[in-house]
Amino acid sequence: MRSITSQYLARYRRLTGDRSDTVLPVTGAQRRFLLVRSLDPSGRPDVVPMFFAFPHGTIDPERLRAAASRLAARHTALRSRPSVVRGTPVLCVADPDVGVTRPALAPGESPAEALRRALESWDAQGPPLRLFLVRDEEREEEILAVALDHAVCDGRSLARIVGELGAAYSEEATGSHAAPGETENELAAYRDAVLRQLAAEERAETPEAAAYWADRLRTLRAHAPAPGPARLPEGARPSGVAQARLPAYDGGVSFPGLLDACRSAARELYGPGRTVPLGYPWGGRPPGAEPVVGCFLNTLVFPAETGPEAGLGTGLGTGPRSEAAADAWWDDLDRADVPFDAVVAAARAAGSGWTGGLDGLLTVDDDSRRPPLVLAGVEGREIHVDGRPVRGPFAVSITQGAEIRLRMVWDRAVLDDGAAQRAFDALTHALRPSEPTVR
């Protein structure tokens, strides 16, 4: 039987022939985003927004629009619409179309509420890169939201987009076109990178890899309760948030240590003795590919066991369970190119009742890789606009640098605030440096 990737490539080639400059294939990671979107009754895509506050009068909206249009013209992914054509997920290449929307504040509405409303009304058929600008009269600031459809942009591309948007804003040109030949060359590089990634995924889908994931995830089950509107207080925002700043470790916390700490939260939320599916993005550019902007980070699944050690002590690779989890994680990375849908299929073929839903998500960032947005020499202050809908029961984001910045958001229709706060407290405790033993 042919692999899922092979089947996808065959469908794509039947749709487009040997080559197309207007309809491009998507990677396994992008297929996952499009699948999740198709299962959402509202058809809502995952949207990744970044928010920056600037002093009043800093931003020229027309100059910003021209800069964003030039940015989109230079990157195929930022001007392509994710779509499903005759059952085949693809990117439909289009002309750059980036406007600056200025949502008007309703009576009594805050700037954050206006931005949440604008993002919730996202039209999945529109451009993948959009800008929203709202005035905050009380703080004498303007808040700029740079929002992207997650199906065209992985987290690793965000820093590059921020840097290039600032550079484009500083350019003298006011047109929306890239330099002659630049768009065509980048499109060719983007297509090549995607095809290289799909080739890597096709090679990775071996019977041995399927057997590995089947055994690894055999006991996996989703444990989050079904969404219940009654759990959400009337008039409350759809998601909750908790955050903390912790002292940094020398060299930072290892990724297995962060995954191990997330077991603490999972144990509080779903109880002991469970195997909880936690997802995290991972991957690299395929060998020989140009560093194009796009979505290439596969979602890997970590079967988090909420055993008796979860949430006890620091849990950062100091006990036998933690060491075993770290060893297994390294083995997972050897099969990291197997696309998510193939991993789910392997687990189900082995008798698992898991259908691919994730009970938690973890994303990790390096503070040095998050440059500020600078427009005409003015550095924007990055802020958060909380309370937006989230995809999945809970998601943890960790930024490591001079300190550890920890955030957790949760779907309040799935998890109640009390349980989520206890989970966050357990996660925070697990990540605090242990006190030295006094002898």
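Both Phe 340 and Trp 354 are buried. Buried means under 20% relative accessible area, against over 50% for exposed and partly exposed in between, with a 1.4 Å probe and protein chains only. The model is predicted, so local features need pLDDT of at least 70 and side-chain atom pairs count only at pLDDT 80 or more, while totals for chains, interfaces and linings use all residues. Residues are numbered from 1 along each chain as its sequence is written, and side-chain values use heavy atoms, leaving out hydrogens and water.

**Aromatic pairs**

Rings of Phe, Tyr and Trp (its six-membered ring) pair if their centres lie within 6.5 Å; planes under 30 degrees apart count as stacked, over 60 as edge-to-face and the rest as tilted. This rule gives nine aromatic pairs. Two of them are set out here.

| Pair | Centre to centre | Angle between planes | Type |
|---|---|---|---|
| Phe 255 and Tyr 280 | 5.1 Å | 55° | tilted |
| Phe 340 and Trp 354 | 6.0 Å | 80° | edge-to-face |

Phe 255 and Tyr 280 link distant parts of the chain. Phe 255 is in helix α8 (residues 255-270), and Tyr 280 is in strand β9 (residues 275-282), 25 residues apart. Helices (H or I, at least four residues) and strands (E, at least two) are DSSP runs, numbered from the N terminus. Phe 255 is buried, at 14% relative accessible area. Tyr 280 is buried too, at 1%.

Phe 340 lies in helix α10 (residues 340-349) and Trp 354 in the loop between α10 and β11 (360-366), so this pair ties together parts 14 residues apart in sequence.

One aromatic cluster holds Phe 255, Tyr 280, Trp 282, Trp 329 and Trp 330.

**Charges over rings**

A charge sits over a ring if NZ of Lys or CZ of Arg is within 6 Å of the ring centre and within 35 degrees of the ring normal. Arg 335 lies over the face of Tyr 212, 4.0 Å from the ring centre. The charged end of Arg 32 sits over the ring of Phe 33, at 5.8 Å from its centre.

**An open sheet**

Three strands make an open, antiparallel sheet in the order β1-β4-β3. β1 (23-24) and β3 (80-85) are at the edges with a single partner strand each, so one side of each has no neighbour in the sheet. Strands pair if DSSP finds at least two bridges between them. β3 and β4 (residues 88-93) pair over six bridges. Ser 80 has Val 93 in β4 as its bridge partner.
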